[in-house]
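Open the structure in your viewer and keep the sequence beside it. We will go from stop to stop, selecting a few residues each time.

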Amino acid sequence: MIIAGFGYRAAATAESLQNAYEHLGGDADAIAVPADKAGALCVKRFAAEHGLTVYGISEDAMQAIETPTQAERVIEKRGTGSVAEACALAALGPKRRLIASRYISSDRMATCALAEGELA
């Protein structure tokens, strides 16, 4: 299974998510986002347009993931180097691997990363 993990700002739109997702090939089976932002309109619209299930990832689960990307601002705010990478990996079980590091949307409102494995 391929999970697209997303991190995004409050001002992000479904188009922001789409831009980052398309850059990585746009071929996921589900998406994963921070649990506290899973109800955002941009996520609901994006998931509905693509027929994808949304997995909300807890703060603890994100912080337990070591990500290749280490963005200082994100570490200070969320306790992980990349929300997108952490969400994608945390949605999957122990035999997971990152297949695409985070990509930042052209409007800089969203990031997307892809991971592959079995659901947790």
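Start by selecting Arg97 and Glu116. Glu116, in strand 5, is the bridge partner of Arg97. A word on the source: this is a predicted model, where local features need pLDDT of at least 70 and side-chain atom pairs count only at pLDDT 80 or more, while totals for chains, interfaces and linings use all residues. Residues are numbered from 1 along each chain as its sequence is written, and side-chain values use heavy atoms, with hydrogens and water left out.

**Strands 4 and 5**

Select residues 97-104, which are strand 4. Strands (E, at least two residues) and helices (H or I, at least four) are DSSP runs, numbered from the N terminus. Strand 4 runs antiparallel to strand 5, and 5 bridges join them. Two strands pair if DSSP finds at least two bridges between them. The two strands form a hairpin with 5 residues between them. Click Arg108 in the turn: its phi is positive, about 60°.

Now select residues 110-116, strand 5. How many of its 7 residues are buried? The count is 6, so strand 5 is largely enclosed by the rest of the structure. Buried means under 20% relative accessible area, exposed over 50%, and partly exposed in between (1.4 Å probe, protein chains only).

**Across to strand 1**

Select Tyr8 and Ala110. Ala110, in strand 5, is the bridge partner of Tyr8. The charged end of Lys37 sits over the ring of Tyr8, 4.4 Å from its centre. The rule: NZ of Lys or CZ of Arg is within 6 Å of the ring centre and within 35 degrees of the ring normal.

**The ring cluster**

Select Phe6, Tyr21 and Phe46. Ring pairs link these three into a cluster. Rings of Phe, Tyr and Trp (its six-membered ring) pair if their centres lie within 6.5 Å; planes under 30 degrees apart are stacked, over 60 edge-to-face, and the rest tilted. The count by this rule is 3 aromatic pairs. Phe6 and Tyr21 have ring centres 6.3 Å apart and planes at 40°, so this pair is tilted. Phe6 lies in strand 1 and Tyr21 in helix 1 (residues 14-23), so the pair ties together parts 15 residues apart in sequence.

Move on to Tyr21 and Phe46. Their ring centres are 5.1 Å apart and their planes at 85°, so this pair is edge-to-face. Phe46 lies in helix 2 (residues 41-50) and Tyr21 in helix 1, so parts 25 residues apart in sequence are tied together. Both Tyr21 and Phe46 are buried. Phe6 is buried too, with a relative accessible area of 0%.
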